[in-house]
Amino acid sequence: MRIGFVNAERVTRESAPAVRAMKRLEKEFERRQSELKKLDASMQSLQAALEKNSSSMPDIERRGKEREFSDLSRDFQRKERALREDYAQRQNEELAGIQDLANRVIQQIAEREKFDLILQEAVYFSPNIDITEKVLKALSEAR
């Protein structure tokens, strides 16, 4: 009986398709992250102005600035939560595609090299049966 082991975590983290997918995700969400940073900077400057000038401001103006800060804060939290949720969903979609591709590559290696069993999770495995490097190499060559 011929047994092999593949470190699935390494495959989804280090494989060429995984690296490309992470770069795609970064590029896809870059604009929204930039918008959040600008919104955060606006909130910080408004908060600093409030802290510095609140004692000398008339009550009506101070309440208006506090309301503006509160609105900005709510908007920031809403956009940040939406970004995190959208990013997590897209990341899961990308990882599912990578896992499907990796499983096909693992099956091809298993058939070609006559493996009887290939495991992706184990409490212990001998480095002698670890075929993760072969899978990573095959994935880098696959499109």
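Which residue lies over the face of Phe115, and at what distance from the ring centre? In this predicted model, Arg2 takes that place, 4.1 Å from the centre of the Phe115 ring.

## Aromatic pairs

With ring centres required to lie within 6.5 Å, the count of aromatic pairs comes to two. The rings of Phe5 and Phe125 have centres 3.8 Å apart and planes at 20 degrees, so this pair is stacked, given that planes under 30 degrees apart count as such. Phe5 belongs to strand E1 (residues 3-5), while Phe125 sits in the loop between strand E2 (117-119) and helix H4 (132-141), so the contact ties together parts that are 120 residues apart in sequence. Phe5 is buried, at 5% relative accessibility, whereas Phe125 is partly exposed, at 26%.

Phe29 and Tyr87 make an edge-to-face pair, with 5.2 Å from centre to centre and 70 degrees between the planes. Because Phe29 lies in helix H2 (residues 16-53) and Tyr87 in helix H3 (residues 59-112), this pair ties together parts that are 58 residues apart in sequence. Phe29 is buried, with a relative accessible area of 3%, and Tyr87 counts as partly exposed at 23%.

## Salt bridges

The structure holds 18 salt bridges. One of them joins the side chains of Asp86 and Arg32, at 2.9 Å from N to O; since Asp86 lies in helix H3 and Arg32 in helix H2, the pair ties together parts that are 54 residues apart in sequence. Both partners count as partly exposed, Asp86 at 29% relative accessibility and Arg32 at 24%.

Other bridges are formed within a helix, including that of Arg31 and Glu35, whose side chains meet at 2.7 Å, N to O, and which both lie in helix H2, four residues apart, or about one turn of the helix. Here Arg31 is exposed, with a relative accessible area of 56%, while Glu35 is partly exposed at 41%. In helix H3, Asp75 and Arg78 are three residues apart, again about one turn, and their closest N and O atoms are 2.4 Å apart; Arg78 is partly exposed, with a relative accessible area of 46%. Salt bridges with shared partners also join Glu9, Arg10, Arg13, Glu14 and Glu133 into one network.

## A nonpolar surface patch

On the surface, Met1, Ile3, Leu117 and Leu119 form a nonpolar patch with about 380 Å² of accessible area together. Of these residues, Leu117 is placed in strand E2 and counts as partly exposed, at 34% relative accessibility.

Note on methods:
Residues are numbered from 1 along each chain as its sequence is written. This is a predicted model: local features need pLDDT of at least 70, side-chain atom pairs count only at pLDDT 80 or more; totals for chains, interfaces and linings use all residues. Side-chain values use heavy atoms; hydrogens and water are left out. Rings of Phe, Tyr and Trp (its six-membered ring) pair if their centres lie within 6.5 Å; planes under 30 degrees apart count as stacked, over 60 as edge-to-face and the rest as tilted. Helices (H or I, at least four residues) and strands (E, at least two) are DSSP runs, numbered from the N terminus. Buried means under 20% relative accessible area, exposed over 50%, partly exposed in between (1.4 Å probe, protein chains only). A charge sits over a ring if NZ of Lys or CZ of Arg is within 6 Å of the ring centre and within 35 degrees of the ring normal. Patches are made of residues with over 30% relative accessible area and no salt bridge: like charges are joined within 9 Å, nonpolar side chains (Val, Leu, Ile, Met, Phe, Trp, Tyr) within 5 Å. Accessible areas come from the Shrake-Rupley method with a 1.4 Å probe; for residues, only the protein chains shown count as cover. A salt bridge is a side-chain nitrogen of Lys or Arg within 4 Å of a carboxyl oxygen of Asp or Glu.
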